Amino acid sequence: MGAAFLVMATLLTTLVTDRLFEQRTHQDSLSVEKLAVMCAPFFASADLSPLQETLPVTAGEMGGRILLTDETGKVQLDTANRLYGQRLQLPEVLEVLDGSDSLAYGIHHTDESPSGDYASYCAARMMHQGQTVGTVVYVAPVQSLVDAVSSLQAQMWRIFAIVTLSAIVISLVFSRLISHPLQRLTRTIKRMERGDLSARVKVRGSGEMRELAENYNRMAEKIEHFDKSRSQFVSNASHELKTPLTTMKILLESLIYQPDMPAEMREEFMQDINHEIDRLNSVVSDLLTLTRADSHETALHVAKEDLSELVTSAVHALTPVAEKRRQVLLTDIAPRVQAEVDKSKIGQVITNLVDNALKYTPEQGEISVSLTVEGKEAVLTVKDNGEGIPEEDLPHIFDRFYRVDKARSRATGGTGLGLSIVRQIITMHQGDITVTSVPGEGSVFTVHLPLQHRKEEVRL
């Protein structure tokens with residue numbers, strides 16, 4: 001900014017200076033040329049008396065001094081009466097007498113002024129009958145013009161200094177305003193790098209820096225949440241794996257150290273061990289499913305499927321379970337609902353939701369399954385009249401290993417991963433799953449699936 005202003009100031013000063021001196025040169029040149037024409041006849045006839053009377057008056061009117069020289073440059077008339085008989089060595093006079101030009105103009109220091117002021121020298125050739133008879137030299141003070149130009153230059157330099165200083169101050173202030181938030185952000189990032197995931201940057205100001213701080217804090221919150229979820233996941237997974245192993249160890253030790261155990265009790269222990277192995281296998285299988293989804297290894301194999309048949313098949317497979325518990329399993333399935341889905345994974349979703357409803361609904365309870373089409377979405381609803389889910393547990397119902405007290409106990413045989421897997425699969429299909437529940441009245445799980453899937457392969 002300062003360099004640009006310096007260039008502009010220099011150009012402006014040069015233009016103004018050139019314009020002022022151009023006007024002065026043009027004005028003096030016209031006056032001197034007229035004098036040369038007027039004086040030539042008198043000078044050629046050696047009759048200088050008329051000129052001695054008129055030129056001092058003319059010089060006074062013009063505000064300067066007039067000198068007349070012969071063809072050799074010797075002064076023949078000087079309105080200041082100081083240089084009679086002296087030969088002028090001014091470049092302007094020599095240029096005119098040499099025939100290079102009929103008029104010459106220049107500005108020099110004048111030795112006649114104690115302060116060494118500037119003066120302009122304008123020389124014009126006097127011609128008579130085609131012959132050079134001498135020159136007319138007009139000398140005028142131009143110190144006021146030089147002073148005005150110098151003042152303009154000084155003013156420009158002062159303005160340049162002020163602008164430059166202001167630009168430096170403003171740039172420092174803005175640099176501080178920009179760099180200080182970035183420094184705070186850098187310090188916060190270093191804290192997170194050292195393991196302090198709770199570090200947050202203070203949100204101040206407005207504009208892009210505020211938006212950057214807010215986005216960073218949101219990112220930090222997600223990282224902290226993911227880290228806590230990972231730690232909780234590892235802890236829960238370890239606990240879920242350790243429980244069946246501990247149970248099996250106790251049962252096996254009982255079998256080993258009690259060789260005379262009754263056959264009926266031995267068979268019961270073996271059945272318990274088999275049950276724990278099945279449970280352990282279920283936990284490991286679910287963990288592998290979630291791990292593959294988290295590592296983006298699970299791909300969808302999308303094709304156009306009949307959702308109505310998928311729901312009907314899942315309900316039919318679970319009907320014996322409902323009959324065993326004397327539960328009523330109702331269906332309201334719209335015919336020929338076609339959607340682009342991964343058949344096996346959506347089948348797993350339907351089975352999981354209906355199986356959960358059966359598990360958490362008491363005997364002689366009622367479970368209803370419906371499938372409808374709303375706009376460009378298929379809507380699957382699984383409703384039960386079980387014990388329901390407390391309001392404080394609803395936000396966490398899809399968290400891994402999360403169990404709701406009473407209604408979601410290990411007595412049901414679940415791993416606590418089923419609903420997490422359901423949400424993963426629904427998300428992969430660009431759908432959505434929600435749950436509403438009233439304690440003592442039951443729960444409703446609602447799945448929205450787009451009928452048409454995006455053509456590109458989607459991975460989690």
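A: Begin with handedness: a crossing is left-handed if the near helix is turned anticlockwise from the far one by less than a right angle, and right-handed if clockwise. Helices (H or I, at least four residues) and strands (E, at least two) are DSSP runs, numbered from the N terminus. By that convention, α7 passes α8 in a right-handed crossing. The model is predicted, so local features need pLDDT of at least 70 and side-chain atom pairs count only at 80 or more, while totals for chains, interfaces and linings use all residues. Residues are numbered from 1 along each chain as its sequence is written, and side-chain values use heavy atoms, without hydrogens and water.

Q: At what angle do helix α7 and helix α8 pack, and how far apart are their axes?

A: Two packed helices are described by the angle between their axes and the distance between the axes. Here α7 (residues 307–324) and α8 (residues 343–359) pack at about 35°, with their axes 9 Å apart; axes are lines fitted to C-alpha atoms, for helices over the stretch in contact, and angles run from 0 to 180 degrees between N-to-C directions. The contact (heavy atoms within 4.5 Å) includes Leu310 and Ala314 of α7 and Ile346 and Ile350 of α8.

Q: In what order do the five strands of the open sheet lie?

A: Strands of a sheet pair through backbone hydrogen bonds, either parallel or antiparallel. The order is β2-β1-β5-β4-β3, with antiparallel pairing, where two strands pair if DSSP finds at least two bridges between them. Because β2 (75–78) and β3 (103–109) stand at the edges, each with a single partner strand, one side of each is left without a neighbour in the sheet. The twist averages 20° from one strand to the next.
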